[in-house]
Amino acid sequence: MAVSTFSRGLKLNPRKHATEGKPTETAPFPKQVVIPVNQHFGAPNKALVAVGDRVKRGQCIADGAADGLMTVPVHASISGTVKKIEPRLQQNNTEGLCIIIEAGEEEPKQNDIELMPPLDPFSCPKEEALKRIRDAGITGMGGAAFPAHVKLNPPPDKIIDLIIADGAECEPYLTTDEAVISGKPRLLVTGLAAIMKITGVKRAIIGMEDNKASLVPALEKEIALNEYITAHSLDVTVRLCKTLYPQGGEKMLIKALANREVPSGGLPLDSGCIVQNVGTLTAIAEAFTLGKPLVDRDLTVSGGACKTPKNICVPVGTLIGDLPETFMKIDYDRLRKIVFGGPMMGNAVPFAAVPVQKNTSGIIFLTSGETKICDEGTCIRCGRCIRNCACRLSPVIINIALESGDMEEAVRAGLMDCVECGSCSFVCPAGIKLVQRFRVGKQRLKMIKSAAQHAASQEKV
Ligand code: SF4
Ligand code: SF4
């Protein structure tokens with residue numbers, strides 16, 4: 001099988017050995033969960049329950065405005081009583097409103113769940129299928145948490161002719177996508193077929209790195225067995241990409257698998273593609289076949305300070321520190337840094353009591369030997385950041401523009417095209433925190449834009 005790739009990219013130490021090839025283990029149910037009210041990219045939700053309410057696993061507990069296109073509901077992930085509704089630290093290192101549910105005396109159970117009636121995505125109208133995906137609370141599970149029902153309903157002027165199932169897991173340590181592909185190939189292919197029906201797209205590629213070549217035959221078998229794919233002669237293939245960082249980024253995967261460029265400032269749909277993470281596809285399949293909302297999350301827990309590295313399935317809102325030590329043991333003496341997500345793109349958090357969210361792909365407990373901590377030096381104009389940027393940007397130029405407060409120049413140099421992969425920071429010999437500055441720069445730009453919009457609306461009044 002030919003192996004595709006994009007230009008540039010880093011060959012990182014994968015550090016996946018501790019969990020590679022391990023199936024996902026269902027964790028003992030926690031006695032409490034801390035569920036963020038907002039777990040999606042878009043307009044805010046509000047809590048639909050009050051302190052003291054009894055809730056059932058699967059019950060909707062937060063949602064946005066009924067006509068809010070960019071909102072995604074949130075469901076209780078264990079049955080119990082709402083004990084508090086208050087701000088808590090979240091994985092992005094900011095405080096956000098959370099609903100804290102305690103199970104009480106009863107032993108919480110996985111099958112004690114409020115389900116929707118199953119729905120056949122292959123015979124129901126498109127609007128009904130999209131509504132089901134929204135009602136099930138499905139966001140992109142690969143990182144950005146974009147509402148899945150919005151991604152699957154592009155504007156009519158955008159012609160989509162390719163769906164890519166993203167199984168490229170390029171971050172070190174993480175193996176949860178691999179566990180999903182090997183453990184749930186039928187669900188994955190069912191979810192893919194369902195979104196092909198919803199979007200009317202007739203071609204799809206399941207893409208993953210060449211270190212997962214052994215998983216190809218099982219996927220190809222499921223594709224051949226899928227009734228919708230065979231009955232409609234859909235073109236669904238499995239393709240391998242080089243094991244390079246950041247191969248799992250949407251832009252890189254589209255380049256590698258379709259040889260298309262996402263235009264500057266554009267989205268995958270501007271190059272005719274929809275990209276969905278493999279975990280999202282299995283959640284979509286379960287929303288139709290079981291009527292199950294997104295209340296559980298598969299993730300990798302690993303790192304040198306984790307004594308029991310494994311791929312696990314937990315209710316959304318679980319605090320990893322609440323799991324019994326017989327299942328998950330952290331060596332707090334050796335722990336230096338906790339990262340939610342992968343070490344390249346993830347966020348470091350100050351303590352472990354931060355809840356798992358719908359888009360938490362991993363929690364990595366790092367020792368000092370695994371953490372590069374150095375003082376920032378001065379740029380020596382070596383150009384390594386430029387040579388290693390997979391988006392072909394000039395990070396050093398963006399950084400200079402941001403340092404001098406010239407936002408226009410930063411945007412001209414590509415600030416908004418940066419996918420925040422962190423490769424530039426990783427290779428910078430001066431230890432300059434480039435990607436961190438770019439994240440702050442983007443936030444600043446957003447605030448400047450919304451202040452300008454506000455001022456313009458005030459003038460009209
Ligand atoms: S500028 Fe952005 S896209 Fe380029 S290497 Fe740095 S973080 Fe990655
Ligand atoms: S890699 Fe670092 S030192 Fe080298 S040019 Fe880029 S910012 Fe400067």
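Modeller: Strand S4 and strand S6 (residues 60-63) form an antiparallel pair joined over 2 bridges. Please keep in mind that this is a predicted model.

Colleague: Which residue stands opposite Asp 63 in S6?

Modeller: Lys 46 stands opposite Asp 63.

Colleague: What is the strand order of the open sheet?

Modeller: The order is S4-S6-S7, an open sheet of 3 strands with antiparallel pairing. Strand S4 (46-47) and strand S7 (74-75) are the edge strands, and each of them pairs on one side only.

Colleague: Turning to S10, why is it described as largely enclosed by the rest of the structure?

Modeller: Strand S10 (residues 162-166) is largely enclosed because 5 of its 5 residues are buried. The cut-off for buried is 20 or more other C-beta atoms within 10 Å of the residue's own.

Colleague: Which way do the residues of S10 point?

Modeller: Leu 162, Ile 164 and Asp 166 point one way, whereas Ile 163 and Ala 165 point the other way. In a regular strand, side chains alternate between the two faces of the sheet.

Colleague: Does S10 pair with S13 in the parallel or the antiparallel sense?

Modeller: The pairing of S10 with strand S13 (residues 273-277) is parallel and extends over 5 bridges. Within S13, Val 275 is the bridge partner of Ile 164. S10 also runs parallel to strand S11 (residues 203-209), with 4 bridges between them. There, Ile 163 has Ala 204 as its bridge partner.

Colleague: How many residues of helix H7 are buried?

Modeller: Helix H7 (residues 250-258) is mostly covered, with 9 of its 9 residues buried. Among them are Glu 250, Lys 251 and Lys 255. Just after H7, Asn 259 adopts a positive phi of about 55°.

Colleague: Now the ligands. Which residues come nearest to ligand 2?

Modeller: Cys 379, Cys 382, Cys 385, Val 396 and Cys 428 come nearest, out of 13 residues around ligand 2. Helix H9 (384-387) and helix H10 (395-403) are the elements that each give two or more residues to this shell. By class, the shell has 10 nonpolar, 1 polar and 2 charged residues.

Colleague: And which are the closest to ligand 1?

Modeller: Of the 14 residues that surround ligand 1, the closest are Cys 389, Cys 418, Cys 421, Ser 423 and Cys 424. Two or more residues come from each of helix H12 (423-427) and helix H13 (434-460).

Colleague: Which element gives the most to that shell?

Modeller: H13 gives the most to the shell around ligand 1, namely 3 residues. The classes there are 11 nonpolar, 2 polar and 1 charged.

Key. Residues are numbered from 1 along each chain as its sequence is written. Chains are lettered from A and ligands numbered from 1 in the order in which they are written. This is a predicted model: local features need pLDDT of at least 70, side-chain atom pairs count only at pLDDT 80 or more; totals for chains, interfaces and linings use all residues. A residue is near a molecule or strand if its C-beta atom, placed from the backbone, lies within 6 Å of it. Ala, Val, Leu, Ile, Met, Phe, Trp, Tyr, Cys and Pro count as nonpolar, Asp, Glu, Lys and Arg as charged, and the others, Gly among them, as polar. Two strands pair if DSSP finds at least two bridges between them. A residue is buried if 20 or more other C-beta atoms lie within 10 Å of its own, exposed if 12 or fewer, and partly exposed in between; C-beta atoms are placed from the backbone.
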